[in-house]
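Here is a short briefing for a first look at this structure.

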Amino acid sequence: MSRLLKPKAVIVGGSIAGVSCAHALIVAGWDVVVIEKSRRPPKGNPTGAGLALDPLSQELIGSWTGHPELLHDITSPLVIDLNQAINDEKSRKILARDENFNHRAAHWSSLHDHLFSALPPEIFLWGHLFLSFSISKDKRSVKIRARVLATEETAEVDGDLLIAADGCNSLIRKHYFPDVKLRYSGYCAWRGVLDFSRIEDSETIKNVREAHPELGKCLYFDLTPGNHTLLFEIPNKRLNWIWFLNQPEPHLEGNSVTMKVSDEMIQKMYQDAEKIWHLTFVQVMRETKEPFVNAIYDCDPPKRIVWDNVVLVGDAAHPTTPHSSRSTNMSILDAAVLGRCLEKLGSENLTAALEEYQSIRLPVASKQVLHARRVGRIKQGLELPDRRSFNPNTANGEECEMLQLRAVPFFGHNPLL
């Protein structure tokens, strides 16, 4: 690369991992191009669901955008992490309670829009479907090929670094690990977001607030043998809910882990839920428009996430189950560490910078992925080689400690450099 020009990174994927990398590399003095198959930004799109941002992610986003107060405006506090057992009579018993959780709740699309809006719009190539890449013989540059969906033409983009932020089914990861497949967890998750802005005084909302008096600052996990749910409030008067339930691996179309659901499937979900959960939770489900199902997958941690001038970030590097609230936070931290390594060592030492990124992030992310896998199996009552199946109604205090989100490795002290 010429010393007169800024080094250039090509980022494949415009989700939160991709836009976070764009921020981090611009700070590090790089030019960036983001290739994304979606035809337009997902601004105002109701798709996606709720997430929890840890304090470090909040700090990093604020430093990138220069407006931490705006992040505060689109998030709400999550200071309590509460796990409760529900027995056959549907009465609750506290299993574990953490009143110093110190996260903030957001909706995926709001967070994406916040990050995207703070970037130059000209760096994005929307409607470009990644096809392939090649590395130059001297390994100093990379060429990316993409199909322009509007014209069906093939476009080529050259850069000094390829950043794979193309999600859990990453084609770039598959190039290096052709035989590695995602691992089905043994369960799926019904999910939804209830917008209650127009029904705030309804019996449903009054009842759910009575049953969950700390909504607005608490993550509520309810557990029964073989099932668990999550409920929390996100900004703009919305309730995010998830129900995890054990089932055989479903048939999925394409690369999406989201299943198509029929009205019949939704009605059966309501009926099954009524047998297990409080009617207040079921009513939240019933009043939610377009609930959907995610099949829950992860992947055994890879031995590498860097090759020459190619690097994996986010779910492309470490697909994970959602039980440690780490997926989005890991993506943001990947971007920050990558940017700082590149800034510290300079583009002339690209190999060393990428190796340092890998040495920092791979051990941390690997432990967090395996921890999330373990917690998911515990909460779902699935077998583990070193412990009996977890029953929330008979579990002792020691067994319940693992349920807390702060039990995740490196909680509160993820290294940046």
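Glu-274 is partly exposed, because its relative accessibility is 31%. The model is predicted. A search of the whole structure finds 24 salt bridges.

**Salt bridges**
- Glu-274 pairs with Arg-286 in a salt bridge, at 3.0 Å from N to O.
- Glu-274 sits in helix α7 (residues 263–276) and Arg-286 in helix α8 (residues 279–286), so their bridge ties together parts 12 residues apart in sequence.
- Arg-286 is partly exposed too, with a relative accessible area of 33%.
- Glu-356 bridges to Lys-344, with the closest N and O atoms 2.9 Å apart.
- Glu-356 belongs to helix α10 (residues 350–379) and Lys-344 to helix α9, so this pair also links parts 12 residues apart in sequence.
- Glu-356 counts as buried, at 18% relative accessibility.
- Lys-260 and Glu-253 form a salt bridge at 3.7 Å between the closest N and O atoms, and both residues are exposed.

**Nonpolar cores**
- The largest nonpolar core has 67 residues, and Leu-25, Leu-161 and Ile-163 have the most contacts inside it.
- Helix α9 (residues 327–345) gives this core its largest share, eight residues.
- Ile-163 touches residues beyond its sequence neighbours, including Val-10, Leu-25, Val-313 and Leu-338.
- Another core lies apart, with 34 residues, among them Phe-196 and Trp-243.

**A covered helix and an annotated span**
- Helix α4 (residues 108–117) has eight of its 10 residues buried, including His-112 and Asp-113.
- An unreviewed UniProt entry annotates residues 134–369 as "domain: FAD-binding".
- That span, residues 134–369, is 32% helix and 30% strand.

Note on methods: Residues are numbered from 1 along each chain as its sequence is written. This is a predicted model: local features need pLDDT of at least 70, side-chain atom pairs count only at pLDDT 80 or more; totals for chains, interfaces and linings use all residues. Side-chain values use heavy atoms; hydrogens and water are left out. UniProt positions are given in the numbering used here, feature names are shortened, and annotations may be inferred rather than shown by experiment. Helices (H or I, at least four residues) and strands (E, at least two) are DSSP runs, numbered from the N terminus. A nonpolar core is a set of buried Ala, Val, Leu, Ile, Met, Phe, Trp, Tyr and Cys residues joined through side-chain atoms within 4.5 Å. Buried means under 20% relative accessible area, exposed over 50%, partly exposed in between (1.4 Å probe, protein chains only). Contact means heavy atoms within 4.5 Å. A salt bridge is a side-chain nitrogen of Lys or Arg within 4 Å of a carboxyl oxygen of Asp or Glu. Lists of a residue's contacts leave out its neighbours within four places in sequence.
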